[in-house]
Amino acid sequence: MSRFVRLGETDRPPITLHVDGAPVAALEGDTLMVALLSAGGTLRQSEFGPEQRAGFCLMGACQDCWVWTESGDRLRACSTLAASGQRIVTSQPGASWPNHV
Amino acid sequence: MAEPRIIIVGAGPSGTRAAQACVAAGLRPIVIDEARRDGGQIYRRQPDNFTRPYAKLYGTEAGRAQVLHETFDGLKGAIDYRPETLVWNIAGGHVWTASGTVQKAMPFDALLLCTGATDRLMPVKGWQFAGAYSLGGAQVALKSQAVSIGHKVVLMGSGPLLYLVASQYVEAGADVAAVLDTSPFSARVKALPDLLAMPSVLWNGVALTRALKRAGVAVHLGVTPVEIMGDAESGVSGIRFRTGSGKEETVRCDAVAIGHHLRPETQLADLARCAFTFDAGTRQWLPERDGDGRSSVAGVYLAGDGAKILGARSAEASGRLAALAALADLGLPVDKGEMTSLRGDVANYAKFARGLARAFPWPSAQAAVLPDDAILCRCEGVTAGDLRGVMRETGAQEANRAKAFSRVGMGRCQGRYCGLAAAELIAAESGVPIEQVGRLRGQAPVKPLPIAIGDET
């Protein structure tokens, strides 16, 4: 289920990006955060606890909303625009964090 | 003589007005801003292809927002504007910037820090769950992306933003399950004499609370948060709190926004080696400045909410005033009468801000009773009990020492969201006055940088 709810501005051109290999439908002008959380409930797994995360401040201050490109570049989902053809992953490529559950 | 180089950090209300004053004096200031578009957070602009009108986006402040945006648009040809650029350090007389993977070091004759603010947070057990956001974040979601942070939303904390966000959400059609204010009504009554410094703004606030009542939104005053309920997988599922009369209640929701007014972003002032003093009214350490915005460091000026939380209207006045002070210090002619009048404006805004701080007090006592199993530092999952344990083991009673042992304040946000609460917890636990706990030192880079950063080629 989606976390965010669109309340307007829905008359924008649709775009499709890929998140963890699966297509995600979004709208031109969406941030990555809005694209991902309008399609699903969370952005990433916390490295330090058992819980999933979905961002916090939305203004580039908390860094809770990091996602990655498939090639390993880190993106702040709240301040990066979504675009057609993007291939996003929600865990850091090549990293392995054993969580203390 | 070469034209003096003025660098303005931030393109919100204070940065815009500072830039305007420099341009009027015949200079071409460099304006560095982290965002894609100008406006700052309060007057944040929606993406180009969004169509909502000003009245819908900014409510009672629509006129001010539009004038500020048009002012900035008009300055674009006359300034060296660098959007999407982070200032990550100030050292050796240079401003260090990063844009993408390109870094630069720029010298300056005058530096105006108009860095703005972020939400001030008092942690609540469960605030690490997906679906818990800052109040400012909830507003950004609506203002800049036309989304609600959830299907059923609770807004909790204190401060003018609480009611503003609630009414904006209701008006936009979001389902607001409750507004939970930690401040009691009695605080508002006591603050009235100061709040009357700006009757129209006070009236706007009263109108907002009336609109919420008319919309049938449950508004509770004087609450004590108990817990944000939820689970690791699906996130927030509700909130438990005690009412002003001590009764425990639960509200079901899938999103919670929390915040207790704002805190200034002072890291750059710190890195520029500006002196700080403790402000007892807000229980925050703030950079020192004279009435015009001069910091303790020659050539460095502070304006807007990045220096002290006085609001957007004050930010416009203090941004212009600080720029005029910088121009005067550089030997350029300025209108001394205008500076006197701006000082008066800022003093009046300061009186109103003092009233707001009294009406919506920072609930410092909540840190002392934060349960041991509650997460204090969201970034690294450090609990209140972890910090208390570190204090017992090491005797740490100073913010930076406690940070080194516990990692509270060392994570991704660098203490922006846990630092003030951690200091309150340390003070309560050790019996040391909050000002003696000190403040987390600003560290470069003030935000994470890409590893592959390099000079422009």
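## The β5–β6 pair of chain B

In this predicted model, strand β5 (residues 94-99) of chain B is joined to strand β6 (residues 102-107) of chain B by 6 bridges. The two strands run antiparallel.

## Helix packing in chain B: α1 and α3

Helix α1 (residues 13-24) of chain B packs with helix α3 (residues 62-75) of chain B at an angle of about 45 degrees. Their axes are 10 Å apart. The crossing of α1(B) and α3(B) is left-handed.

Which residues of α1(B) and α3(B) meet? From α1(B) come B:Pro13, B:Thr16, B:Ala19, B:Gln20 and B:Val23. From α3(B) come B:Leu68, B:Thr71, B:Phe72 and B:Leu75. By class, this contact of α1(B) with α3(B) has 6 nonpolar and 3 polar residues, with no charged ones.

## Helix packing in chain B: α5 and α7

Another helix contact involves α5 (residues 160-172) and α7 (residues 199-214) of chain B. Their axes come within 9 Å and cross at roughly 45 degrees. That makes α5(B) oblique to α7(B). The crossing of α5(B) past α7(B) is left-handed.

On the α5(B) side, the residues are B:Pro160, B:Tyr163, B:Leu164, B:Ala166, B:Ser167 and B:Val170. They meet B:Gly205, B:Leu208, B:Thr209, B:Ala211 and B:Leu212 in α7(B). The contact residues of α5(B) and α7(B) comprise 8 nonpolar, 3 polar and no charged.

## Annotated spans of chain B

The annotation "domain: FAD/NAD(P)-binding" covers residues 5-310 of chain B. That span is 28% helix and 31% strand. Its end C-alpha atoms lie 28 Å apart.

In UniProt, "domain: BFD-like [2Fe-2S]-binding" is assigned to residues 375-427 of chain B, again in an unreviewed entry. Over residues 375-427 of chain B, the chain is 53% helix and 9% strand. The end C-alpha atoms of this stretch are 18 Å apart.

## Strand pairing within chain A

Strand β6 (residues 66-69) of chain A pairs with strand β7 (residues 74-76) of chain A through 3 bridges. They run antiparallel. A:Trp66 stands opposite A:Arg76 in β7(A). The hairpin of β6(A) and β7(A) has 4 residues between the strands. There, A:Gly72 takes a positive phi near 105 degrees.

β6(A) is also joined to strand β8 (residues 87-89) of chain A, by 2 bridges. This pairing is antiparallel. A:Thr69 stands opposite A:Ile88 in β8(A).

## Where chain A touches chain B

How many residues does each chain bring to the contact? Chain A gives 34 residues, and chain B gives 43 residues. On the side of chain A that touches chain B, the elements giving two or more residues are β1 (5-6) and β5 (52-53) of chain A. By class, that side of chain A has 13 nonpolar, 11 polar and 10 charged residues.

Strand pairing also crosses between the chains. β1(A) and strand β10 (residues 147-148) of chain B run antiparallel, joined by 2 bridges. A:Val5 stands opposite B:Ser148 in β10(B).

Methods. Residues are numbered from 1 along each chain as its sequence is written. Chains are lettered from A and ligands numbered from 1 in the order in which they are written. This is a predicted model: local features need pLDDT of at least 70, side-chain atom pairs count only at pLDDT 80 or more; totals for chains, interfaces and linings use all residues. Axes are lines fitted to C-alpha atoms, for helices over the stretch in contact, and angles run from 0 to 180 degrees between N-to-C directions. Angles under 35 degrees count as roughly parallel, over 145 as roughly antiparallel, 65 to 115 as roughly perpendicular and the rest as oblique. A crossing is left-handed if the near helix is turned anticlockwise from the far one by less than a right angle, and right-handed if clockwise. Two residues are in contact if their C-beta atoms, placed from the backbone, lie within 7 Å. Ala, Val, Leu, Ile, Met, Phe, Trp, Tyr, Cys and Pro count as nonpolar, Asp, Glu, Lys and Arg as charged, and the others, Gly among them, as polar. Two strands pair if DSSP finds at least two bridges between them. UniProt positions are given in the numbering used here, feature names are shortened, and annotations may be inferred rather than shown by experiment.
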